[in-house]
Structures are given as C-alpha cells and as structure tokens.
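Hi everyone, thanks for coming. I'd like to walk you through one model today, so please have a look at it with me.

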Amino acid sequence: MERINVGVLGATGMVGQRYIKLLENHPWFKVTYVAASPRSAGKLYPEAVKNRWLIGADIPDDVKNLTVQDANEPKLALGKCRFVFSALEMGKDEIKALEAAYAAEGIPVVSNASANRWTEDVPMLIPEINYSHLDVIAEQKKHHGWDKGFVAVKPNCSLQTYMIPIFALIKAGYPVKRMTVTTLQAVSGAGYPGVSSFDMIDNIVPFIGGEEEKTEKECLKILGTVQNGKIENASEPVVSATCTRVPVIDGHTASVNLEFDLPEDKKPSIEQILKVWEEFTSLPQELKLPSAPEHPIVYREEENRPQPRRDRDTEKGMACVIGRLRKCSVFDVKFVALSHNTKRGAALGGILNAELLKAKGFFD
Ligand code: NAP
C-alpha cells in the first residue's frame, strides 16, 4: 500500500517530536511536511531541534532534509501532505482559527490541542470508546462549507489512563454515577522545557492550570451521543478531580474511586469488573489498526503496580495499565491507572485517530 503524505504542525515540540519518531516506519503514513513557529521556520529540521531533540534515538532520515515551515501559513502545506497532525502550543483562539484555516484549504487536521475540544461538531476521539462520533464530521463540513477538510481532536492526556476501563464497565451494564480522580502527571505533559527543575526535583506541585476543569468535563463529551449532527454530552458521571505534577518524565498515573448508578444488589463484584476489563476490545482491535493495542486494558496483579517506569510502555505505550482494584469505603470501588502521556495520551493516540479516519475513508 502506498503511504499517505502527512504533515506535523508543532513538529519541533515535545509531542511533535514524538510524532516524527513514531511515524518513522508507519505502514500507512509518511512525514513529508513539518511546521512550527516563525522562530524555527526556514531551518532544516535537525537544526530546528538542535540541543532539544528529546526522544531517545536519532532523528529519522525521512525528516532530516525537510525545511521547517511557518505553521501559521496553511497554504504552504498545499500539495505537500494529505492531512496534518497538529501539536501546536499557542493561544486557544489562535489554534482554533488556524485549525479551521487548514480545514478550509482542504487539509484535514488531527489535533492534540484543547482549542476545539468543546466545538459541538468536532469529535473528541478515543477510538475504543466513541468511534460513532465520526458521524458529526459530515455536519461539520456542511456547516463550514468545507469540501475535504475537517477537524478531529483528542481529549486531555490524563483521561486516557482511566476512560477506557470506565467505558468498558458502562458498556457492560454498570453505569457510573460519581467518581473522584487524583492525577499524578509526568513533567513531559507540560511540554519542553516545561516546569522548572527547581519546582520539580524533590517536590510535587498540587496544581496544573485548567487541568481539573478538563478532567471533570471532557469525559461527558467522550461518553456523549451524536444527535441531530451534534454531540450531546452525557449527564454522568459527576467527576471531582485533583490534578498534580510529579517528578516523573513520562506516564500519567491516576487514583480513581467509582460509585455505580445501580442498586446495591446489582453492583459488580471485583471479579466481574476484572472479567469485563480482561474481555474488552473494540473497533480499533477489530479493524487491526496498526497502532491499536491488542489489549487496551492490562490489569497488573502485583500489589505495587502500575508504576510509570515499569508499565508506561505496555502494548507500545498504548495500554491503560490498571492495578490495585479494591472495595472503597466511601464509593464502591477504587483502582490505580496509568498510561503513557506522550504516546497514548498524545502522539500515538493521535496516530490511532488518523488510522481510524483512514480506515473509515475520511482521507479518500
Ligand atoms: P511544546 O513542547 O511547547 O511544543 C510546542 C510547538 O508549537 C513547537 O513546535 C513550537 O514551535 C510550536 N509553536 C509555539 N508557538 C507557535 C506559534 N506562535 N506559531 C506556530 N507554532 C508555534 O508543547 P507540547 O507539549 O508538544 O504540546 C503540543 C500540544 O499538544 C499542546 O496543545 C498541548 O496542550 C497538547 N498535548 C500535550 C501533551 C503532552 O503530554 N505534552 C499531551 C496531550 C496534548 P517552536 O519550536 O518553533 O517554538
């Protein structure tokens, strides 16, 4: 199969570099266009990331001879790539306008930014959960008068650690009414150079701007349904979140407590929950998408797992690794969840979204 030419906006940043590395030998996509800020524009890619290439391997040959373009100029991408991954870090309004400008030029945008997550006709995808939200893209195109272009986004990185296990339970007939979540988020989640070493070494920072609001709201859109060309949010679970930054390089951990919306005698036992998680698979596995994990949920029996350093690369960094499932004396059950924030939570999750879009004919 001929590989599709793709672009990476924000190619010089933390997530952009992950895209470049992960797409190196991708069977469907080939990076032919890179763009970033005017500070990097005009430089060859290796020069633009000199002294700040953060991925533990060489820069792929594919991109060594690419000149970084100004991401603020969508027309420069015309004819160079079929669609773009967006990993830009700019003001929300600027990103929203820019993603629309690419779509208007006929270039679909698969985005990691939060700017369009609340746009009603923009799907916020976790392919194992809400692939049916792709249905709003037709409405989005009609609404804007776009022919080939559209925008699809990913949710916040920390949600990826626990949303698939929670969705698996809801799908199995165990709706969740309320939950609390405390995240322990890695420093790579703040981009590069990110949080100062003075703040991070020997320390925990109990605040990440905007993160608790995203954690409490985004799950309702992810679990929503498509109605009349828009995504109608779900009404539960009600979420209370505390988000912290911890001295870990990669891998967001979350401590989650759940209350089921069921009478006492219908609530699942620990054994029933483990069975649901063990058996869960979804469309990406059925379609055998190249970046789909064979097992989206991996349960660790050891009492001291999951741990970021040991478990973040499970299933190529695409698994939700869960452990410590037990009864909760305030809610019903509690567990600890982990996923790789720049892989499942960012670049590889974005690539999985693009694979789903391609498999469903959105780039034809
Ligand atoms: P980052 O390391 O700060 O990289 C930002 C990128 O945006 C760089 O390529 C930068 O180019 C470019 N950029 C900055 N200002 C620009 C401008 N005015 N015009 C054009 N390009 C500009 O950030 P990141 O952590 O990779 O995050 C990228 C996006 O992914 C953000 O929206 C973030 O919220 C989201 N995200 C991140 C994570 C994570 O784990 N890090 C997870 C999920 C989602 P220069 O190098 O030229 O400055």
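Let's start with this: which helices each supply at least two residues of the shell around the ligand? They are helix H1 (14-22) and helix H13 (343-359); helices here are DSSP runs of H or I with at least four residues, strands are runs of E with at least two, and both are numbered from the N terminus.

A quick word on the ground rules. This is a predicted model, where local features need pLDDT of at least 70, side-chain atom pairs count only at pLDDT 80 or more, and totals for chains, interfaces and linings use all residues. Residues are numbered from 1 along each chain as its sequence is written, and side-chain values use heavy atoms, with hydrogens and water left out.

Now, the ligand's surroundings. Thr12, Val15, Ser37, Ser40 and Leu88 come nearest among the 27 residues around the ligand, where near means a heavy atom within 4 Å. The shell divides into 11 nonpolar, 13 polar and three charged residues; Ala, Val, Leu, Ile, Met, Phe, Trp, Tyr, Cys and Pro count as nonpolar, Asp, Glu, Lys and Arg as charged, and the others, Gly among them, as polar.

Where does the ligand lie relative to the domains? Domain 1 (4-156 + 347-359) and domain 2 (157-339) both contribute shell residues, so the ligand lies between them; the bounds come from an automatic or database domain assignment.

On to the polar side, with N or O pairs within 3.5 Å. Ligand oxygen atoms are 2.8 Å from a side-chain N or O atom of Arg52, 2.8 Å from a backbone N or O atom of Leu88, and 3.2 Å from a side-chain N or O atom of Asn341. The protein covers 87% of the 910 Å² of accessible area that the ligand has on its own, by Shrake-Rupley with a 1.4 Å probe.

Finally, some backbone geometry. The Tyr192 to Pro193 peptide bond is cis, with omega near 5°, and Pro193 is in the loop between strand S7 (176-185) and helix H8 (197-200). Arg305 to Pro306 is also a cis peptide bond, with omega near 10°.

Terms used:
A polar contact is a pair of N or O atoms within 3.5 Å; within protein, one must be able to donate a hydrogen and the other to accept it, and residues adjacent in sequence count only if both atoms are side-chain atoms.
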